[in-house]
Amino acid sequence: MSRTPVDILVVGSSVAAGSVASTNKGWVALLANALAHKYAYSLVNEAQGGLNIEITREVLSFTLKRFQPRFVIIGLSLANEGLPWTSNAKQALQVSRNFEKGMKLMVSMVIANNAQPVLGSVYPFDEYRDFHVKELRRVHVAMIQWGWPVLNFLSALDDGHGHWRGGTAADAGHPNDAGHRAMFNAIDLSLFAPNVPAEQESRATGDVHVNSLCDENVQCQDQQELEDEPEFTIV
């Protein structure tokens, strides 16, 4: 297999791939241009529309060996794991737990290949109901607390109800050009500075306070509330 070392590898789904955005207007394309100018970095985007955690892990396994990156950005959506189609809080929790498990496994793969993981945060979806938003926000906070850099897309795009802010969406699951620009603007380019330590304190671009993500209308999920609800299996 031919190996072509790059500075930054991006894996993920349609939003990271720039779907719906105008040519070169997706957040990854904007980031690639900015990092090329600032640090003379090369970036390869292997994100593909429709991918979930399981398939992205396979893509990551192959591309880590091929590109030998210094940084790996993982950009995925809870929607692609099926969160919008769960019908109760128990199901939503299982989907989000599977998402967290898969993300942590990919982080381990990145570290094992001597690269720095950078996580794209979860982001809105216009068909989320209240119990979906609870999980969206819980996962967002959890990712920040894992201790790896997080690109804080949710705070930049959330209208307060887990949906896209006005003027930022192309459809229920994808940002438009303005939304992609907001995602790019949420990224602190210094996360990619040369000689970044292999391990560092988590840095989420933008101010994030746990309590601000759990308001009086949509409280963060309490697992005790879920004990009596039926099991749900992802197929």
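This briefing describes aromatic ring pairs in the structure above. The model is predicted. Seven aromatic pairs are counted in it, and two of them, Tyr-41 with Phe-71 and Trp-85 with Phe-125, are described below.

**Tyr-41 and Phe-71**

- The rings of Tyr-41 and Phe-71 form a tilted aromatic pair, with 6.2 Å centre to centre and 40° between the planes.
- This pair links distant parts of the chain, its two residues being 30 residues apart.
- Tyr-41 is located in the loop between α2 (27-39) and β2 (43-45), whereas Phe-71 belongs to strand β3 (residues 71-75).
- Tyr-41 has a relative accessible area of 8% and is therefore buried, since the cut-off for that class is under 20%.
- Phe-71 is likewise buried, at 3% relative accessibility.

**Trp-85 and Phe-125**

- Trp-85 and Phe-125 form an edge-to-face aromatic pair, with 6.1 Å centre to centre and 65° between the planes.
- Trp-85 lies in the loop between β3 and α4 (89-112), and Phe-125 in the loop between β4 (116-120) and α5 (130-145), so their pairing ties together parts of the chain that are 40 residues apart in sequence.
- Trp-85 has a relative accessibility of 61% and therefore counts as exposed, the cut-off for that class being over 50%.
- Phe-125, in contrast, is buried, with a relative accessible area of 9%.

**Ring cluster**

- Tyr-39, Tyr-41, Phe-71 and Phe-192 are linked into a cluster by ring pairs.
- The tilted pair of Tyr-41 and Phe-71 has both of its residues in this cluster.

Notes: Residues are numbered from 1 along each chain as its sequence is written. This is a predicted model: local features need pLDDT of at least 70, side-chain atom pairs count only at pLDDT 80 or more; totals for chains, interfaces and linings use all residues. Side-chain values use heavy atoms; hydrogens and water are left out. Rings of Phe, Tyr and Trp (its six-membered ring) pair if their centres lie within 6.5 Å; planes under 30 degrees apart count as stacked, over 60 as edge-to-face and the rest as tilted. Helices (H or I, at least four residues) and strands (E, at least two) are DSSP runs, numbered from the N terminus. Buried means under 20% relative accessible area, exposed over 50%, partly exposed in between (1.4 Å probe, protein chains only).
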